[in-house]
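Here is a short briefing on one protein chain. Look at the sequence and the model first, then read the points by topic.

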Amino acid sequence: MQGSKNSIGYSELDRIPTPVRFVHTVPGAGRLLPSSSRWNSIELDFNVLPQSSNAWDSIPPRYSRSISFNLTIGDKKHFYRFLVFAASITITFLILILLLSILPRRKHHHDPSKDLTLALNQALLFFDAQKSGHYPNDSAITFRGDSGLGDGNMATTQADLVGGFYDSGNNMKFSFPTAYTVTLLSWSVLEYHDKYADIKELDHVKDIIKWGSDYLLKLFIPKNTTNSAILYSQVGSPGNDPSGENSRENDISCWQRPEDMSYPRPVSVCDATALDLAGETVAGMSAAALVFKDQKDYSGKLVQAAEELFNLARNVDPSLKPGTYTSMDDCGGQAKNFYNSTSYRDEMVWGATWLFFATGNSSYLDYAHDNFATAEEEELPSDKEVFSWNSKLAANAILLTRLRFFRDLGYPYETTFASTTNRTDLLMCSYTSTLKFPKTEGGLILLKPETSGPLQHAATASFLTKLYGDYLSLLHRTRASCGAAVFSLETLRDFSWSQVNYILGDNPMKISYMVGYGDHYPTQVHHRGASIPWDKNRHTCRDGEYWLNRKEANPNILHGAMVAGPDINDIFEDKRSNNWFTEPSISGNAGLVAALIALHDPPSDSSHPNGVNSGIDKTGLFDNIKVVPSAS
C-alpha cells in the first residue's frame with residue numbers, strides 16, 4: 001500500500017502520489033511483507049502505473065536500505081497476457097499434482113534383468129519332473145519315465161493310487177502338501193489366467209493342476225452300505241514301517257530313481273476324522289473345479305466329491321476324537337517328520353471358503369464365518385503371518401477380504417469381513433515393516449527363522465503382497481493402513497519384487513536358487529531322479545549311495561526347482577547330501593509360481609473398463625455366487 005500520512009512532519013514529498021509501494025522484511029521470514037510506511041521498508045518501484053513527469057520521480061530513495069527494482073513494462077497488454085498465462089500454468093500444475101496423488105501409479109517394477117516368462121516356464125517344468133504314474137510321452141523332461149504303477153496295490157490295501165506327484169527329492173507321495181499345491185496353483189490361475197494365456201503357459205499349468213486333481217479324486221473313497229469313507233494320506237514309507245518288511249530299503253533310506261523302485265510302498269489310510277487333510281483336500285478339489293468350470297462333467301465330479309467329503313468332516317461325531325492327521329498313528333503318524341500339521345480348523349475354514357466359491361452355497365460361507373475366529377484362537381503365534389502347507393488363515397483372510405471388496409454380501413458377514421480386512425492390512429504391514437520380522441543382510445525375510453526352507457515362505461509372502469496390491473489397485477486406492485502405519489501400492493510391489501529377485505540371484509551368494517535359471521545355480525540338488533544318469537540301466541539302492549555322495553554336478557538338470565535356500569546368514573551350501581539347503585518341494589514351487597505370475601507384466605492389449613490393467617480377473621472367482629446381500 002502507499003505510504004500514509006502521519007504527524008512526524010514529512011515534507012511535501014511525502015504527499016505527492018507516486019507509483020511506489022513499500023514492503024519490509026523480517027529476519028528468517030524468507031519473503032517480503034507489506035508495509036504501511038517507509039520506516040524500515042524496502043522501496044519497490046515496478047513502474048506499472050503511468051509515469052509521472054514530476055521531477056521528484058528522479059530523486060534517489062532517501063533510505064540506505066531501499067532497493068529500486070525499476071521494472072519497466074513496455075506493453076501493458078502483453079503484461080496482462082503474461083499474468084493470465086502464468087496463472088493458467090500454476091493452476092494446471094496444481095491439478096496435475098492432485099491427479100497424481102489420487103490416481104493409481106502404473107509404474108512397471110519389472111527388473112529388466114529378470115526374465116519372468118522364462119522363470120515361470122522353468123518353475124512349471126519342475127512339476128513335470130515330479131509326476132508319478134504313466135509318464136506323458138510329450139513331456140519336456142527327458143530323464144523321467146513310468147513309475148509307481150503299483151501304488152495302492154498292497155496285501156492290506158487294494159486301491160488305485162497311481163499318479164500324483166513325488167513330494168520332493170525322495171519318492172514319497174504325501175496327500176496333504178499335494179492338495180495344498182493344487183489349491184495354490186489353481187488360485188493363481190483363477191486370478192491371473194490372462195497372464196498365463198499371454199505367455200502361452202495356461203494349458204501347461206492347467207495340465208499340472210489336473211494331474212494333481214485327478215489324484216485327489218483317487219484319495220477320497222466315499223462311504224457306502226458296507227464301508228466307511230476312506231481318505232488316503234500317504235504312499236511310500238520313510239523307514240518306520242511297523243511291519244518291518246524289507247525295512248532297509250524304503251523311500252528315504254534308498255537313493256534310487258522312482259522308475260527303479262522295487263521295495264514295498266505301504267499306504268496310510270485315514271477317514272473323515274482327519275479334519276486337516278479333509279479340509280485341504282476339499283479346498284484343492286473346489287479350486288480345481290473352478291479352473292475347469294468349462295469342463296462341466298469333470299468340474300461337477302470334483303465339486304460332488306468335495307461336498308461329500310466336507311459334509312462328512314464337519315458332521316463327524318466328537319466322540320471319534322477328530323483332529324489332525326499326523327496325530328493319528330495309523331493315518332499320518334509316519335508324516336510327522338515331514339508335514340506335521342499343527343491344527344485342523346484353519347484347513348476346514350479354508351476348505352469351506354473354496355467350496356463356497358465353487359458352489360455358491362452360502363452354508364459353506366456360514367461355516368467359514370462362524371469358525372474363523374475360533375481357528376484364529378487355535379493358531380500358533382509363529383504361524384499368524386505365514387501362508388504355507390500348514391497355515392492357511394493369512395491367505396484365507398485375503399480371500400474373504402476380496403469377497404468384501406468386490407462382492408460384499410452384507411449381513412451377517414460384516415463383522416468377519418471387517419476382521420479379515422484388518423488382519424490383511426496388518427499382514428501387509430508386517431511384511432513391509434522392518435520391525436516385525438528379521439531379514440538377512442541380503443534382504444530375505446525370515447518368517448520362520450527356526451526352520452529350514454526360508455524361500456518357500458518368502459515366495460508366498462511375495463504372492464500375497466502383490467495380489468493384495470492388485471486388489472487395492474482395482475479399487476483405485478494407492479495406499480492402506482494398519483493403525484498409525486501406512487503402506488502404499490509401491491511399497492507392496494517393492495517388497496514382492498525384493499523376495500523374488502533374491503530367489504532369482506540378487507543375494508550375497510550371487511546364486512539363483514531356481515535350478516537352471518541364470519548362469520549360477522545349484523548343481524547338486526537333493527533329488528534322486530536328477531542325480532542318477534538316465535542311461536536305461538537299472539540302478540539299485542547300493543548304486544544310489546555312489547550317486548548321492550559324489551562331488552560332481554547332477555547329470556540331469558532339474559529345471560525350475562526352487563531349492564530350500566540359504567541359512568539366516570545368507571550362506572548356502574551346494575551339497576547333495578545336505579537337504580537342509582538343496583532339496584526342492586512341490587509346495588515350495590507352488591508358492592514361487594504364484595509369485596512369478598503375480599509379478600509378471602499383464603497383457604499389453606488387455607481392455608479394462610475401469611482403467612486398471614493389472615492382468616487380474618476381478619469377478620471370475622464369483623461366477624457361482626448367487627447370494628443377494630441383505631437389505632439390512
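**A buried threonine**

Thr353 counts as buried, because its relative accessibility is 0%; buried means under 20% relative accessible area, exposed over 50%, and partly exposed in between (1.4 Å probe, protein chains only). The model is predicted: local features need pLDDT of at least 70, side-chain atom pairs count only at pLDDT 80 or more, and totals for chains, interfaces and linings use all residues. Residues are numbered from 1 along each chain as its sequence is written, and side-chain values use heavy atoms, with hydrogens and water left out.

- Thr353 is part of helix H8 (residues 345-359). Helices (H or I, at least four residues) and strands (E, at least two) are DSSP runs, numbered from the N terminus.
- A polar atom of the Thr353 side chain lies 2.9 Å from the backbone oxygen of Val349.
- Leaving out residues up to four places away in sequence, Thr353 touches Ala368, Asn396, Leu399 and Leu400. Contact means heavy atoms within 4.5 Å.

**The annotated histidine**

- An unreviewed UniProt entry lists His526 under "active site". UniProt positions are given in the numbering used here, feature names are shortened, and annotations may be inferred rather than shown by experiment.
- His526 sits in the loop between helix H13 (489-503) and helix H14 (528-531).
- Is His526 buried or exposed? His526 is buried, because its relative accessible area is 10%.
- Neighbours within four places in sequence aside, His526 is in contact with Gly169, Trp255, Arg576, Ser577, Asn579, Thr582, Glu583 and Pro584.

**Disulfides**

- A disulfide is a covalent bond between the sulfur atoms of two cysteines. Here the rule is a pair of cysteine sulfur atoms within 2.5 Å.
- By this rule the count is three disulfides.
- Cys254 is joined to Cys541, with S to S at 1.7 Å. This pair links distant parts of the chain, 287 residues apart: Cys254 is in the loop between strand S6 (230-235) and strand S7 (267-270), and Cys541 is in helix H15 (residues 541-549). The torsion about the S-S bond of Cys254 and Cys541 is about -100°, so this disulfide is left-handed. Both Cys254 and Cys541 are buried.
- Cys270 is joined to Cys331, with S to S at 1.6 Å. Cys270 lies in strand S7 and Cys331 in helix H7 (residues 329-332), so the pair ties together parts 61 residues apart in sequence. The torsion about the S-S bond of Cys270 and Cys331 is about 90°, so this disulfide is right-handed.
- Cys429 is joined to Cys482, with S to S at 1.8 Å. The torsion about the S-S bond of Cys429 and Cys482 is about -110°, so this disulfide is left-handed.
- With the bonded cysteines numbered in sequence order, the pairing is 1-6, 2-3, 4-5.

**Aromatic rings**

- Rings of Phe, Tyr and Trp (its six-membered ring) pair if their centres lie within 6.5 Å; planes under 30 degrees apart count as stacked, over 60 as edge-to-face, and the rest as tilted.
- By this rule the count is 29 aromatic pairs.
- One of them is the tilted pair of Phe174 and Phe338, 5.3 Å centre to centre with 35° between the planes. Phe174 is buried, because its relative accessibility is 0%. Phe338 is partly exposed, because its relative accessibility is 29%.
- Phe405 and Tyr468 form a stacked pair, 6.1 Å centre to centre with 25° between the planes. Both Phe405 and Tyr468 are buried.

Methods:
A polar contact is a pair of N or O atoms within 3.5 Å; within protein, one must be able to donate a hydrogen and the other to accept it, and residues adjacent in sequence count only if both atoms are side-chain atoms.
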